[in-house]
Amino acid sequence: MVSLDPRINRLDLQERKEETQPHEHWPTWEVFHQKKRGAQAIHVGIVHAPSPELALIFAKEQFGRRQKSTNIWVVKSSEVFTFQTGDEDMFETTPEKSYRDAGGYRVRDKINAFKKENQQDQ
Amino acid sequence: MNAIKDLILKMADDALIIGHRNSEWTGLGPTLEEDISFSSIAQDKLGHALQLYTILHEDHEEQNPDLLAFTRKAEDFRCCQYVEMPIGAYDFSLIRQFLFDHAEYNRYQMLSNSSNNRLAALSQKIKGEIKYHVLHADTWVIQLGNGTTESHDRLQKALTDSMPLALGIFEKSAFEAELIRNNIFEGEDALRERWLGSITPILQKAGLELPDISTIEPAYGGRKGQHTGHLKPLLDEMGEVLNTDPTASW
């Protein structure tokens, strides 16, 4: 096979003998990106890597390259504990309990009134 | 040619050619993540070359960076022969990144005190990028040096085979004494000492053995325009599009 890409032709693909074994792969690492010092580290995705050091390097390229970044965290995916996907229903809540939502408090009106009053004082 | 032009040109040519070589791994890298990382590092190198060619163009009456990069003949290039060698297998490319980038890192560190303001400023500007390139190389070398017997042996072989070429990085130019006298650059011998000091502890961590360099004949010639047969095909491929019509506007 001759490719339009000279790099492919140089590879001499027929002569490759290496074969990948089933289940032969690197673990995944969850990546958290931090925009600036003190800011929350926000989960942005995963990388595959054989060690935490290389996970950091890959995460920097994958997620730190095209945005402002101060730091990156990586955590082995197997070290992250979660609920079962089927337990989603535990998070559901009946609509009658709106008093439990923060939106149920009418604080915003009071704050606005307070601000307005203070502005007039100045 | 003068001392400062010669220094900047060889640095620029090194960066351009290794950047181009490393970019040949794009799409073919060993894993998706490493493919992206290595390509990104290659792009950084092209950026360094652009900065250096720009200095030559602005301060030293040379052609614009595109023409310098894409239209010169092989014998006009001042890169070392190491950077022009084909990418080979990943072990060779990785060891080259390791050996070359440590030299480059130390060269820019030394230039941060240069009497040439442009070079001193550039060294400040790109120090973070090069620090990262070295971290990338070190991490891989330590990982694979301590990996399997195969990964260790392949790295060791690549290291041993590469050493004459790597030592060719430090080939002196005719202007060496002048660069040192004018506090532009401390010189290739000083650089080579610093380089040895920075690669040795990493190789120890990786369980790799540095060959006895006193017995090795360095692959010199590149700094004088004497290149291997590998450079011309690279230049032809790299400049193929521009050279179909060098005057076209893009």
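**Exercise 1.** Decide whether B:N183 is buried or exposed, and locate it in chain B.

*Solution.* Step 1: apply the burial criterion, under which a residue is buried if 20 or more other C-beta atoms, placed from the backbone, lie within 10 Å of its own, exposed if 12 or fewer, and partly exposed in between. Step 2: B:N183 has 11 other C-beta atoms within 10 Å, so B:N183 is exposed. Step 3: B:N183 sits in the loop between helix 9 and helix 10 (188–206) of chain B; helices (H or I, at least four residues) and strands (E, at least two) are DSSP runs numbered from the N terminus. Step 4: the phi of B:N183 is positive, about 55°, although B:N183 is not a glycine. Most residues other than glycine have a negative phi.

The model is predicted: local features need pLDDT of at least 70 and side-chain atom pairs count only at pLDDT 80 or more, while totals for chains, interfaces and linings use all residues. Residues are numbered from 1 along each chain as its sequence is written, and chains are lettered from A and ligands numbered from 1 in the order in which they are written.

**Exercise 2.** Carry out the analysis for B:E61: state its phi, its loop and its exposure.

*Solution.* Step 1: B:E61 is not a glycine, yet has a positive phi of about 55°. Step 2: B:E61 belongs to the loop between helix 2 and helix 3 (65–70) of chain B. Step 3: B:E61 has 8 C-beta neighbours inside 10 Å and therefore counts as exposed.

**Exercise 3.** Determine which residues B:F170 touches, not counting residues up to four places away in sequence.

*Solution.* Step 2: B:F170 counts as buried because 20 C-beta neighbours lie inside 10 Å. Step 3: with contact defined as C-beta atoms, placed from the backbone, within 7 Å, B:F170 touches B:E188, B:L191 and B:R192. Step 4: B:T244 is 74 residues from B:F170 in sequence and 35 Å away in space, C-alpha to C-alpha.

**Exercise 4.** Describe how helix 1 and helix 2 of chain B cross.

*Solution.* Step 1: the axes are lines fitted to C-alpha atoms, for helices over the stretch in contact, and angles run from 0 to 180 degrees between N-to-C directions. Step 2: the two axes come within 8 Å and cross at roughly 155°. Step 3: helix 1 of chain B is therefore roughly antiparallel to helix 2 of chain B, since angles under 35 degrees count as roughly parallel, over 145 as roughly antiparallel, 65 to 115 as roughly perpendicular and the rest as oblique. Step 4: this crossing is left-handed, the term for a near helix turned anticlockwise from the far one by less than a right angle, with right-handed for clockwise. Step 5: residues making the contact include B:I8, B:A12 and B:A15 of helix 1 and B:A49, B:L52 and B:Y53 of helix 2. Step 6: sorted by class, the contact has 16 nonpolar, five polar and two charged residues; Ala, Val, Leu, Ile, Met, Phe, Trp, Tyr, Cys and Pro count as nonpolar, Asp, Glu, Lys and Arg as charged, and the others, Gly among them, as polar.

**Exercise 5.** Repeat the description for helix 5 (residues 90–111) and helix 8 (residues 149–167) of chain B.

*Solution.* Step 1: the axes come within 9 Å and cross at roughly 55°. Step 2: helix 5 of chain B is thus oblique to helix 8 of chain B. Step 3: the crossing is right-handed. Step 4: among the contact residues are B:F92, B:I95 and B:L99 of helix 5 and B:L155, B:A158 and B:L159 of helix 8. Step 5: by class there are seven nonpolar, one polar and three charged residues.

**Exercise 6.** Identify the residues with the most contacts inside the largest nonpolar core.

*Solution.* Step 1: a nonpolar core is a set of buried Ala, Val, Leu, Ile, Met, Phe, Trp, Tyr and Cys residues joined through C-beta atoms within 7 Å. Step 2: the largest has 62 residues, and B:I8, B:A12, B:L52 and B:V141 have the most contacts inside it. Step 3: helix 1 (residues 3–23) of chain B gives the largest share, eleven residues. Step 4: a second, separate core of 13 residues includes A:W29, A:V31, A:A49 and A:L54.

**Exercise 7.** State how many residues each chain brings to the contact between chain A and chain B.

*Solution.* Step 1: chain B gives twelve residues and chain A gives 15 residues. Step 2: on the side of chain B, helix 2 (32–59) and helix 7 (127–145) each supply at least two residues. Step 3: that side divides into three nonpolar, six polar and three charged residues.

Note on methods
Two residues are in contact if their C-beta atoms, placed from the backbone, lie within 7 Å.
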